[in-house]
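Here is a short briefing on one protein chain. Look at the sequence and the structure first, then read the points below.

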Amino acid sequence: MPKEWLKLYETAKNNLTTNELSSFVTCGNYSCVIETNNKKIYNGIDIKTNSKLESKAEDIAIINMINNKETTVKRIILINELEEIIMPNKESLINLLALSYDNLNTEIIINENEIKKLSELLPDWWGTYKPIKK
């Protein structure tokens, strides 16, 4: 894994905290870390439940970033409870594109040896055909 990703991986690993909060809610099986273009780090863990409270780790990381008035992402990593790097959810990646066209340059680590830009993963995103509002 390239060294610039090691800090993000370690942060994600440290955030894995599988917890059963109740008979109906568990969390912390997945951990996502986002590094913004401003070099700030935001993270999120998943929430699993049978209600609307359920959320993906990458969505929570994105929400944390938005709460801090950031919209452009440099790198994103997602790991599972086995500490394996996995691909973020497609809908979450689409949300990043909706936040900023600059996120086409976001790097996503797919596995220890493969990094792709968001523009490669979603080359035909429908939003690229809409006029940009400034």
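**Strand E4 and its neighbours**

Strand E4 pairs with strand E6 (residues 107-111) in the parallel sense, over two bridges. The model is predicted, and E4 (residues 73-79) is where confidence is highest, at a mean pLDDT of 98. The points below begin with the pairings of E4 and then turn to the whole chain.

**Pairing partners of E4**

- Thr36 has Val73 in E4 as its bridge partner.
- A further pairing joins E4 to strand E5 (residues 85-86); this one is antiparallel and has two bridges.
- Here Leu78 stands opposite Ile86 in E5.
- E4 and E5 form a hairpin, and five residues lie between the two strands.
- In the turn of this hairpin, Glu83 has a positive phi of about 65°.

**Burial and side chains**

- Is E4 mostly covered or mostly uncovered? E4 is mostly covered, since six of its seven residues are buried.
- Across the protein chain, buried residues make up 38% of the 134 residues.
- The charged end of Arg75 sits over the ring of Trp5, at 5.7 Å from the centre of that ring.
- A search of the whole structure for aromatic pairs finds zero.

**The whole chain**

- How many helices and strands does the protein chain have? There are four helices and seven strands.
- From the N terminus on, the order of the elements is α-β-β-β-α-β-β-α-β-β-α.
- The C-alpha atoms fill a box of roughly 45 × 35 × 25 Å, taken along the principal axes.
- The radius of gyration of the protein chain is 15 Å, which agrees with a compact globule, because a globule with 134 residues would have a value near 14 Å.
- Among contacts with a separation of 6 or more, 54% are between residues 24 or more positions apart.

**Confidence**

- The protein chain averages a pLDDT of 91, and 95% of the residues score at least 70.
- Confidence is lowest in strand E1 (residues 19-20), at a mean of 89.
- Where pLDDT is low, the predicted coordinates should not be read in detail.

Terms used:
Residues numbered from 1 in each chain as written. Predicted model: local features only at pLDDT ≥ 70, side-chain atom pairs only at ≥ 80, totals over all residues. Heavy atoms only, no water. pLDDT = per-residue confidence, 0-100. Phe/Tyr/Trp six-rings, centres within 6.5 Å; stacked < 30°, edge-to-face > 60°. Lys NZ or Arg CZ within 6 Å of the ring centre and 35° of its normal. Buried < 20%, exposed > 50% of the residue type's maximum accessible area, 1.4 Å probe, protein only. Pairing = 2+ DSSP bridges. Rg over C-alpha atoms; globule rule 2.2 N^0.38 Å. Contact = heavy atoms within 4.5 Å.
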